[in-house]
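User: I have a model open and would like to learn how to read its features. Could you walk me through them?

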Amino acid sequence: MPNGSLSLPARLYLLAWDTTKRRITGSTHLHHLVRAGALTELAQRGLLVDDDGIVTPVHPDSRTGDVVLDGLLELVSESRPRRWKSWVTCRARVTLDAVRAQLAAEGYLRAEKKRVLGIFPSVEYELDRVPAVEALRTDAREVLEGPVPVADVGDRDAALVALAAAAELRTFASSGERKLHRARIDELAERGGAAAPALRKVVQDVRTAVAVAAATAASTTTAATTAN
């Protein structure tokens with residue numbers, strides 16, 4: 001699975017890896033970011049549409065061939081109607097687990113089975129394909145910084161940068177860099193939904209939900225640190 005064929009949620013997950021320390025970052029809200037990526041890609045593909053704010057599958061039997069995206073399509077089809085912001089958080093760890101399993105099967109990650117307290121089975125993941133992740137990050141930063149005009153950036157690449165920035169992924173861009181490129185990030189968010197006015201609103205709603213999740217996770221962490 002070369003980088004170019006990776007789904008949006010898979011690329012967002014890999015961007016969260018610190019390739020120097022070999023550890024994942026933003027774990028408190030990473031599941032929301034990954035889910036946001038899956039929702040956005042399915043909307044860009046025209047398989048999920050906006051029906052007066054409600055996430056609606058175009059056809060209950062539609063499939064992409066990607067196990068992560070198809071799993072979310074099935075979940076949305078079988079669940080009660082929800083808005084985009086609700087789907088960013090609702091059972092989001094299901095999508096994160098599916099992404100990790102997919103990337104392990106493709107050789108990006110190495111799964112190690114362990115037991116918590118010596119009793120409960122658990123799986124921990126280690127990053128295996130560091131050069132591939134570093135190349136992915138380099139490509140994403142080129143989209144963030146230019147010089148390619150926003151109009152010439154692909155919709156998935158544009159959404160990748162807009163969502164990673166909204167989630168405040170430190171492995172992708174620092175706070176100062178996000179402020180420096182704020183105008184371009186906003187333009188990239190627009191580009192991610194350029195196919196239709198309804199899609200543009202979807203991308204914005206999902207992006208906002210990710211930003212709220214990141215801010216909530218940060219404030220919770222700060223409060224816990226202060227309490228200790």
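**Aromatic pairing and what surrounds it**

Analyst: The structure holds one aromatic pair. Tyr13 and Trp17 form this pair, with an edge-to-face arrangement, 6.5 Å between centres and 80 degrees between the planes. As for the cut-offs, rings of Phe, Tyr and Trp (its six-membered ring) pair if their centres lie within 6.5 Å; planes under 30 degrees apart are stacked, over 60 edge-to-face, and the rest tilted. Please keep in mind that this is a predicted model: local features need pLDDT of at least 70, side-chain atom pairs count only at pLDDT 80 or more, and totals for chains, interfaces and linings use all residues. Residues are numbered from 1 along each chain as its sequence is written, and side-chain values use heavy atoms, leaving out hydrogens and water.

User: Are Tyr13 and Trp17 buried or exposed?

Analyst: Buried means under 20% relative accessible area, exposed over 50%, and partly exposed in between (1.4 Å probe, protein chains only). Both Tyr13 and Trp17 are buried. Tyr13 belongs to helix 1 (residues 8–15), where Leu8, Pro9, Ala10, Arg11, Leu12, Tyr13, Leu14 and Leu15 are buried. That makes eight of eight residues, and helix 1 is mostly covered. Helices (H or I, at least four residues) and strands (E, at least two) are DSSP runs, numbered from the N terminus.

User: Which residues have the most contacts inside the largest nonpolar core?

Analyst: A nonpolar core is a set of buried Ala, Val, Leu, Ile, Met, Phe, Trp, Tyr and Cys residues joined through side-chain atoms within 4.5 Å. The largest one has 66 residues, and Tyr13, Leu14, Leu103 and Phe172 have the most contacts inside it. Contact means heavy atoms within 4.5 Å. Setting aside residues up to four places away in sequence, Tyr13 touches partners including Ile24, Leu30, Val34, Leu96 and Leu103.

User: What does Thr171 contact beyond its neighbours within four places in sequence?

Analyst: Thr171 is in contact with Leu15, Ala16, Trp17, Asp18, Thr25 and Arg137. Its place is in the loop between helix 7 (155–166) and helix 8 (175–180). Thr171 counts as buried because its relative accessibility is 14%.

User: Which ring does the charged end of Arg129 sit over?

Analyst: A charge sits over a ring if NZ of Lys or CZ of Arg is within 6 Å of the ring centre and within 35 degrees of the ring normal. Arg129 has its charged end over the ring of Tyr108, 4.1 Å from the centre. Arg82 lies over the face of Trp87, at 5.0 Å from the ring centre.

User: Now the backbone, please. Which residues does a cis peptide bond join?

Analyst: Most residues other than glycine have a negative phi, and most peptide bonds are trans. Here, Gly146 and Pro147 are joined by a cis peptide bond, with omega about 15 degrees. Pro147 lies in the loop between helix 6 (130–145) and helix 7.

User: What is the phi of Asp52?

Analyst: The phi of Asp52 is near 55 degrees, a positive value in a residue other than glycine. Asp52 is placed in the loop between strand 3 (48–51) and strand 4 (54–57), and it counts as exposed because its relative accessibility is 68%. Arg91, also not a glycine, has a positive phi of about 50 degrees. You will find Arg91 in the loop between helix 4 (84–89) and helix 5 (92–105).
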